[in-house]
Amino acid sequence: MTAPPPLLHRRGGGVSLVIDPRGAGRVVYWGPALPDITDGLWDAEPPATPDPGGAAPLVPLAGWGYGGLPALSGRWASGGWAPRLAVTAVSGGAQDVSLTLAGPDGALSVLLDWYIDAETGVLTGTATVTNHGTEPYRLDWCAALCLPLPGWADEALTFDGGYIREFQEHRQPIGPGALVRDNRRGRTSHDSFPALVAGEAGFGAVHGSLFAVHLGWSGNHRLTLETLAAGTRVLMAGELLLPGEVVLAPGGTYRTPPAYAIATDGGLNGLMARTHAHVRRRILPRAPLPERPVHLNTWEAVYHSHDPQGLGDLARAAAVVGVERFVLDDGWFHGRVNERHGLGDWWPDEAKHPGGLAPLAEVVRALGMRFALWVEPETVNPGSALHTDHPDWLLRLPGDPDGRRQYVLDLGRDDVADHLFARIDALLRAAPVDMLKWDMNRDLAGTAWQGEPAVRRQVAGVYRLIDRLRAAHPHLEIESCASGGGRADWGILARCERIWVSDSMDAHDRLSMQRGFTLFFPPEVMGAHVGRGQSAVTGRRLDLDFRCAVALFGHMGVEWDLRGIDAQERERLAAWIALHKRHRALLHGGRWVRLPLDDRAVTGHGVVAMDGGSALYLVAQRVTRPGIVTVRLPGLSSDGVYRVTVPDPSPCPLAWGRRGLRFTGAHLSSAGLRLPAGTPDEAVVLHLERCGGETS
Ligand code: GLA
């Protein structure tokens, strides 16, 4: 092995990573691209013994006298827990680096694989721990990525929320000690989306230097941001391992899920430019995604009450308003009278669907729509045939099954996985199903396999099963759902085309959920449905235009019993769907931006075509506010001249809205547009088209 070079500089997509690989190694710099290494970047002395109050080594550990949170934690069967890992090998090219660290006795090694994407600038990191010793090593924690942040990154954005209130942003100043976000639910969770953003105080839509990390994993996770005594900050993300979940036998290895790190000087819009590009190019199973069809989902229209005539009528009503894919939700399979029965018996209920699903699928297809199906393969209801035949196929859970009375099947077992594969494969062959809505309505907290924690093994089993189905059915699409948005992350997104953000379609609440969601996901994967006038989950009554305007910007759909709506509503809904289709390429391929609005009474976002030629914005009034709202529209080309109109059927509060006025991009992003403040839960859509000529 050759001696490691003094300093490594990796670059890609406008981002630099500089590493000093000597001794324990350390990240000298990570952030917006540096022209080249300068002497001033690093200290003259190698960090052989890291200062516990100062710089963090590549893998911070107590063995080096480091006093902060470790990036690796474990113990040998006969004792020993604090190795002194130093860099023993380095390889890689212009954008990637692999660093091997090992202790003096060579019994344990950690391989860090880091890669900066040339186009998106996103840094992907994994760590692989290998036991080269002669006795078992119990691994308790290994960060996938561990990066230092500057002391001026002193405001954090994390996510909280819950069922029907996913992706709520939470801001807090970063003080002394550690900010820790743990998830032990076994699903990605509704209340702790695995991402953390830290930046200069007050960072906003269009300004501020910031750093972010996301873990691409659908199980347990831990994200930490710790302030060391000397003021340096250390950001970590990894899989949260339950006690004894990973025990490495001699020769055994553990590889973390990937963590993704983003650095930008461009505020949250700069962050989204990188995350959305990365999802589109590197994460999604198809690039680019085929055109997203407008959905009709049957859940809030019929719940479990399925009958062929009623569903046929619903399909006809859907086709009339322009729906392109009919999603048959829960209720279709054997014995599914309510949510406490039937899970596991994945064949059509003979009473509800005589002759199977093919006849309904044919009705749907004859109407020019595609046909999709809801499944929840990972769980089983007591009393189902599957449960009766295979009571031993379950992961043990504490106590009784929860409210929906369902147990979790052990997907770590080959016979269980083979059975589920065969059942779903048969469904996909029996009817022309082009998408599965893949649901999972149970946390895994407390699940055990032979007395041991089983979350990691279960998540790996879910990924394997989906991968196998996708390989056998290459045209199949999947929507990820877990009681709404409980399984949304880049790990599952590598296996699906759509994410169901929340069971709440209340457009007022959706505004904040979609705002948080779009920080890490582009709009084309965001399931966004127009629900009924009075929300089925919150009871709030909202006007049709507002509900449509909020759904317009995502992967649009309808979840409402259209058989009962009047002609006026039908026409208006059809007009909104037509507007979505007219601008679908822009909405699903453009650059998403947040509007820099300081006033919480108003919120808004937009999508600007990549070439700056057109844009759509939404300005929504959340609560009462008197007067005029000045709305700055970011993302436009500053020397372009744009005609601004309010497209039909959006309500038009501007006298000139339908006819249009011309403005320069510079004017719109700096001075902004003056809009009369509306009443709560009203929204206006603005369409911009670049044109030549004079401004007015
Ligand atoms: C979950 C999903 C819903 C719906 C129901 C059906 O709650 O999030 O969208 O599919 O299950 O039971």
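In which loop is Gly678 found? Gly678 lies in the loop between β38 (673–676) and β39, where helices (H or I, at least four residues) and strands (E, at least two) are DSSP runs numbered from the N terminus. The structure is a predicted model, in which local features need pLDDT of at least 70 and side-chain atom pairs count only at pLDDT 80 or more, while totals for chains, interfaces and linings use all residues. Residues are numbered from 1 along each chain as its sequence is written, and side-chain values use heavy atoms, with hydrogens and water left out.

Gly678 has a relative accessible area of 22% and is therefore partly exposed; buried denotes under 20%, exposed over 50%, and partly exposed the range in between (1.4 Å probe, protein chains only). A distance of 48 Å separates the C-alpha atoms of Gly678 and Val408, which are 270 residues apart along the chain.

Strand β39 (residues 682–691) pairs with β36 in the antiparallel sense over five bridges, two strands being paired if DSSP finds at least two bridges between them. Within β39, Cys691 is the bridge partner of Val641. Strand β36 (residues 641–645) also pairs with β37 (residues 661–664), again antiparallel, over four bridges; here Arg662 of β37 is the bridge partner of Arg643. Four of the five residues of β36 are buried.

A nonpolar core is taken as a set of buried Ala, Val, Leu, Ile, Met, Phe, Trp, Tyr and Cys residues joined through side-chain atoms within 4.5 Å. The largest such core has 187 residues, of which Trp30, Leu72, Trp114, Phe326, Phe520 and Phe521 touch the most other members. Strand β9 (residues 137–149) gives the most to this core, namely ten residues. Beyond its neighbours within four places in sequence, Phe520 is in contact (heavy atoms within 4.5 Å) with residues including Phe159, Phe193, His214 and Trp490.

The largest pocket holds about 680 Å³ of space. Of its 27 lining residues, Glu169, Arg515, Arg594, Leu597 and Arg600 are the closest to the centre. A pocket is an open set of points on a 1 Å grid over the protein atoms alone, where a 1.4 Å probe fits, with protein on both sides within 12 Å along at least five of seven lines; lining residues have an atom within 4 Å of a point. Strand β11 provides the largest share of the lining, five residues.

Notes: Grid points are joined across faces, edges and corners, and a volume is the space filled by probe spheres set on the points.
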